[in-house]
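Welcome! Take a moment to look over the sequence and the 3D view, then follow the briefing below.

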Amino acid sequence: MELRRKTPATTETRTPYTCIQFWNNVIGLRHWDNMLTIERSVRYASTFPQVRLNPKAKKLIHPMIRVNHAGELAADRIYAGQMAILGKTSVGPTIQHMWDQEKKHREKFEELIKKYRVRPSFFVPLWEVTAFAMGAVTSLMGQRAAMACTVAVETVIVEHYNEQLRVLQSLEKTEGIEEIMEVIKTFRDEEQEHHDTGIENEAERAPFYDMLSFLIRSACKVGITTAVAL
Ligand SMILES: [Fe+2]
Ligand SMILES: [Fe+2]
């Protein structure tokens with residue numbers, strides 16, 4: 001009996017139409033090289049060491065990494081926006097210190113998104129632009145308003161990380177889950193410090209504090225909900 005030959009595996013390499021390319025085409029952006037590199041390494045399983053989770057853990061962990069990556073990237077941009085306006089003022093060094101920590105948070109989640117092969121949020125370019133604008137506009141309103149922005153953002157992030165930790169505690173402790181819990185605990189503590197720094201720098205005395213805080217917290221919650229799924 002003649003055995004049927006299996007169809008030979010194709011060696012063709014197709015270039016996927018990535019979300020970054022989509023945004024490039026839609027709004028003419030051309031500088032998302034870093035995100036494009038992340039997307040490619042996620043899609044093509046590069047030489048980066050990878051962790052494969054069981055299906056139940058994957059269903060929970062992937063959206064967590066996606067939203068945290070988007071959030072830390074947005075935090076990096078918020079502080080960049082604040083530094084652009086207030087970098088040379090008396091609060092410059094304080095903002096710079098928080099920004100330096102946010103850059104490390106962003107780098108860590110860029111590492112994890114590759115390691116766990118998580119698709120980045122579709123709206124990453126939008127978060128980058130919006131977050132920078134949020135940091136810059138509140139800074140133009142004054143140092144206290146910039147600190148009010150920090151307090152509002154960090155309040156939501158601390159709550160968000162605490163919620164994730166509660167979920168992770170209910171899972172079986174595999175190597176991957178323990179690593180993510182450690183990262184989230186460390187970052188949660190640093191976000192809490194940023195929140196406290198904002199309060200110490202008179203955030204609550206900013207003009208229209210309650211309204212400003214409400215608007216920024218609402219925007220962050222919308223961002224979180226969107227980035228979890230998309
Ligand atoms: Fe952060
Ligand atoms: Fe922070």
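Is Leu140 buried, partly exposed or exposed? Leu140 is partly exposed, because 13 other C-beta atoms lie within 10 Å; 20 or more would count as buried and 12 or fewer as exposed, with C-beta atoms placed from the backbone.

This is a predicted model, where local features need pLDDT of at least 70, side-chain atom pairs count only at pLDDT 80 or more, and totals for chains, interfaces and linings use all residues. Residues are numbered from 1 along each chain as its sequence is written, while chains are lettered from A and ligands numbered from 1 in the order in which they are written.

**Around Leu140**
- Leu140 belongs to helix H5 (residues 124-140); helices are DSSP runs of H or I with at least four residues, numbered from the N terminus.
- Gln82 is 58 residues from Leu140 in sequence, and their C-alpha atoms are 8.6 Å apart in space.

**Where H6 meets H8**
- The axes (lines fitted to C-alpha atoms over the stretch in contact, with angles from 0 to 180 degrees between N-to-C directions) of H6 (residues 143-169) and H8 (residues 209-229) come within 9 Å and cross at roughly 40°.
- The contact of H6 with H8 involves 12 nonpolar, 3 polar and 2 charged residues; Ala, Val, Leu, Ile, Met, Phe, Trp, Tyr, Cys and Pro count as nonpolar, Asp, Glu, Lys and Arg as charged, and the others, Gly among them, as polar.
- Beyond its neighbours within four places in sequence, Ala148 is in contact (C-beta atoms within 7 Å, placed from the backbone) with residues including Thr138, Tyr209 and Leu212.

Methods
Helices (H or I, at least four residues) and strands (E, at least two) are DSSP runs, numbered from the N terminus. Two residues are in contact if their C-beta atoms, placed from the backbone, lie within 7 Å.
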